[in-house]
Number of protein chains: 2
Amino acid sequence: MSAIAREPTDSANHLGERELIERIVTALSVACPIAPRGPGGDCAHLITQTDRLYRVVTVDGVILGRHFDLSTAPEAAGRKLVHRNLSDLAAAGAHPSDALLSFVIGGDVSVQWLEAFAHGAGKAAHAAGLEIVGGDIARGPDGHIAAHLSTTGFAHRILTRGQANEGDVLFVTGKLGGSRLGHHLHFAARTIEGEWLCGQPAVTACTDLSDGLAKDLPGLLAKNQGATIDLSATPISEAAEKLSKSDGVPALEHAWCDGEDYELLFAIEASRADWLESLFTKTFPQTPLQRLGAVTVGSGLSDTRGAKIPQGGHSHFGVKKA
Amino acid sequence: MSAIAREPTDSANHLGERELIERIVTALSVACPIAPRGPGGDCAHLITQTDRLYRVVTVDGVILGRHFDLSTAPEAAGRKLVHRNLSDLAAAGAHPSDALLSFVIGGDVSVQWLEAFAHGAGKAAHAAGLEIVGGDIARGPDGHIAAHLSTTGFAHRILTRGQANEGDVLFVTGKLGGSRLGHHLHFAARTIEGEWLCGQPAVTACTDLSDGLAKDLPGLLAKNQGATIDLSATPISEAAEKLSKSDGVPALEHAWCDGEDYELLFAIEASRADWLESLFTKTFPQTPLQRLGAVTVGSGLSDTRGAKIPQGGHSHFGVKKA
């Protein structure tokens, strides 16, 4: 399905704003409660949770040409938008609650395509228990599509980056690298794993891997911390191996630098590491868990065997930076 | 100041993502709490309010070429983004709490301009007690700037559209029309008035005027409701009179159809209308308040004196619709 209308009658401009919003809300409907809790008013009005919980908020988007392209199925692009946000909530161990969906699109964008996008987003949100309670649509340059979700979840405690201590053990879920071969569209955010980790007080810090281990691992650590890493333990995906065969870049470098893994990287007190590893594996037998190394004092990453740590990771502006 | 970098060294692309985010957070700083409550992590972690309040959420944006242009001072564009959102919260009678700020910008956008935009947004947010707790930045087409704020407030009850009853009296704050002569950038959201109205149980419905009375008044009413309006009571701004002299369109039509007034339109039980009018005027002596008419059964608007009700209002896509 083309994202740009082939017939003028399928364009956003032709349909007009009111009808456009109705079509999107209809396509989203499995995820939409009714007003005043849902779309339709100036705001959505939600019942406040008890004051024993933290309200956790995040915003993330997908943009045509950056996070999906004209060959991407619109349902998959909509699903990706939702799971990118769910992945941020998972890193905070927060249970998904509700979200606002905003679009900026060219007047030439296909209404059919938008409906399919919204349908994919609504279905993914509903499956995760995330309600889409409102949003906004505005006109941007022709040929442009940007969709953002601002998402709220609730957590029993603050699980975030930068709270690990010296000696804490580092773990990562899943297999890494080569995401552009398909994983970047079809990953499932580690929602249940994140909530479970949040329930373990010995887990001291957590982040999701969106830009690659090479960038997100330093991001997990506090400013004066580094890590010793067993590079040979890096869980390398089949896609990273496959890419390596075609482009000659080591699979390990793909695993560290490609980005869009949407796995969880976390730190846990060393005395609880064995216990956690065993319990996690029993609780989530389908989710690979790998011990990577430990947090140190002093900045920088070093390999336990003296190998070179790949530098890179994804940057949204400018040249790639370490 | 040019929104598009004149020197390559002032471009977003040149600076790189990490530095760009630091610059924006610094420019926003009066409005930013520190992490985990503020920017810096995957999410912001907020203390939940008591369960006696409704959490009220909304999202709204500003886009170059739609809501501001290259001649607009960047601080004013940033301020407008905040007040557009505050106006939605005001319509819900919600007290501003916190917001997430997301940008989609071309790689050629000026960093200096962005900092000034963020500075204007941060200053306006701080003045309103709104904390900016996180955000996102992503690259869009060259020359493109879109900024969205997703905003949370808290209210003691649900004040929204569509809840008025037959016979309720309609009031509007301020003077209407001709917003494009300057008001659209320099308005102040009716935050305090909105919170006060929310505290009056006799106020049954409320909305802010973003697209013009001609579109927002029907939006305030329930599906099977209409209104009888005293058109001669319409509060017409000086700007609408001025525009009328230059373009020949009646000032009344400007007042009904121009949009971007960001005033409050609300309904109140008839028996409390005189009381409210008197108390409002005493409480907010600087804020004009005008009685416009009353809610009726049966759709459509009619003038008490038989004059024609202007049709129009702003639509973001397609041709203008009634």
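View 1. Just after α4(B), Gly129(B) adopts a positive phi of about 75 degrees. Please keep in mind throughout these views that this is a predicted model.

**View 2. Helix α4 of chain B, from end to end.** This helix covers residues 111–127 of chain B.

View 3. Of the 17 residues of α4(B), 12 are buried, so the helix is largely enclosed by the rest of the structure. Among the buried ones you can look for Trp113(B), Phe117(B) and His119(B).

**View 4. Where chain A meets chain B.** Here 63 residues of chain A are in contact with 63 residues of chain B. Which element of chain A gives the most to this side? Strand β2 (residues 54–63) of chain A does, with 9 residues. Sorted by class, the side of chain A that touches chain B holds 27 nonpolar, 23 polar and 13 charged residues.

**View 5. The two domains of chain A.** The domain assignment divides chain A into domain 1 (8–155) and domain 2 (169–303). Their C-alpha centres lie 28 Å apart. Where the domains touch, 14 residues of domain 1 of chain A are in contact with 16 residues of domain 2 of chain A. On the domain 1 side, α3 (74–91) and β3 (95–105) of chain A each supply at least two residues. The most comes from α3(A), with 8 residues. By class, this side of domain 1 of chain A has 7 nonpolar, 5 polar and 2 charged residues.

**View 6. Phe266 in the largest nonpolar core.** This core has 196 residues, and Phe266(A) and Phe266(B) touch the most other members. Which residues is Phe266(B) in contact with, leaving aside its neighbours within four places in sequence? They are Phe171(B), Leu197(B), Val203(B), Ala205(B) and Cys206(B).

Notes:
Residues numbered from 1 in each chain as written. Chains lettered and ligands numbered in written order. Predicted model: local features only at pLDDT ≥ 70, side-chain atom pairs only at ≥ 80, totals over all residues. Contact = placed C-beta atoms within 7 Å. Helix = DSSP H or I, 4+ residues; strand = E, 2+ residues; numbered from the N terminus. Nonpolar A, V, L, I, M, F, W, Y, C, P; charged D, E, K, R; others polar. Expected span 1.5 Å × (residues − 1). Buried ≥ 20, exposed ≤ 12 C-beta atoms within 10 Å, placed from the backbone. Domains from an automatic or database assignment. Core = buried A, V, L, I, M, F, W, Y, C linked by C-beta atoms within 7 Å.
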